[in-house]
Amino acid sequence: MPTPVHLISKVGDPIFALFIGLSAAATRINREEKELGRSTQETINSGLRRLGFPQKANATEEKR
């Protein structure tokens with residue numbers, strides 16, 4: 001019996017790898033930001049701003 005060439009499938013393997021890589025990066029970024037005293041929501045908002053996505057002002061930003 002030959003050994004399998006792909007873990008999931010020819011198309012599924014790269015998608016799975018991207019998912020795992022992005023998840024690991026997001027976990028690391030979130031952990032480092034929490035060590036600096038920032039909340040998860042602040043980290044997400046900062047990331048969205050850097051990518052150029054418009055966002056609504058929420059209650060915590062309006063108080064500042």
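## Basis

The model is predicted: local features need pLDDT of at least 70, side-chain atom pairs count only at pLDDT 80 or more, and totals for chains, interfaces and linings use all residues. Residues are numbered from 1 along each chain as its sequence is written, and side-chain values use heavy atoms, with hydrogens and water left out.

## Fold and surface

The protein chain has 3 helices and 0 strands. Helices (H or I, at least four residues) and strands (E, at least two) are DSSP runs, numbered from the N terminus. The order of elements from the N terminus is α-α-α.

Of the 64 residues, 6% count as buried. Buried means under 20% relative accessible area, exposed over 50%, and partly exposed in between (1.4 Å probe, protein chains only). The accessible surface of the protein chain is about 5,900 Å². Carbon and sulfur atoms account for 64% of that surface. Areas come from the Shrake-Rupley method with a 1.4 Å probe; for residues, only the protein chains shown count as cover.

## Helix 1

Helix 1 covers residues 12-35. Its 24 residues should span 34 Å at 1.5 Å a residue. The expected span is 1.5 Å times one less than the number of residues. The end C-alpha atoms lie 35 Å apart, which agrees. Just after helix 1, Gly-37 takes a positive phi of about 90°.

## Salt bridges

The structure holds 2 salt bridges. The term means a side-chain nitrogen of Lys or Arg within 4 Å of a carboxyl oxygen of Asp or Glu.

Arg-28 pairs with Glu-32, with the closest N and O atoms 3.0 Å apart. Both residues sit in helix 1, 4 residues apart, so about one helical turn separates them. An α-helix has 3.6 residues a turn, so residues three or four places apart point the same way. Arg-28 is exposed at 53% relative accessible area. Glu-32 is partly exposed at 37%.

Glu-33 and Arg-38 form a salt bridge too, at 2.7 Å from N to O. Arg-38 is partly exposed, with a relative accessible area of 39%.

Asp-13 is found in helix 1. Asp-13 is buried yet has no salt bridge. The nearest side chain of opposite charge is Lys-10, 11 Å away. Here Lys and Arg count as positive and Asp and Glu as negative; His and the chain ends are not counted.

What does Asp-13 touch, not counting residues up to four places away in sequence? Its contacts (heavy atoms within 4.5 Å) are His-6, Leu-7 and Ile-8.
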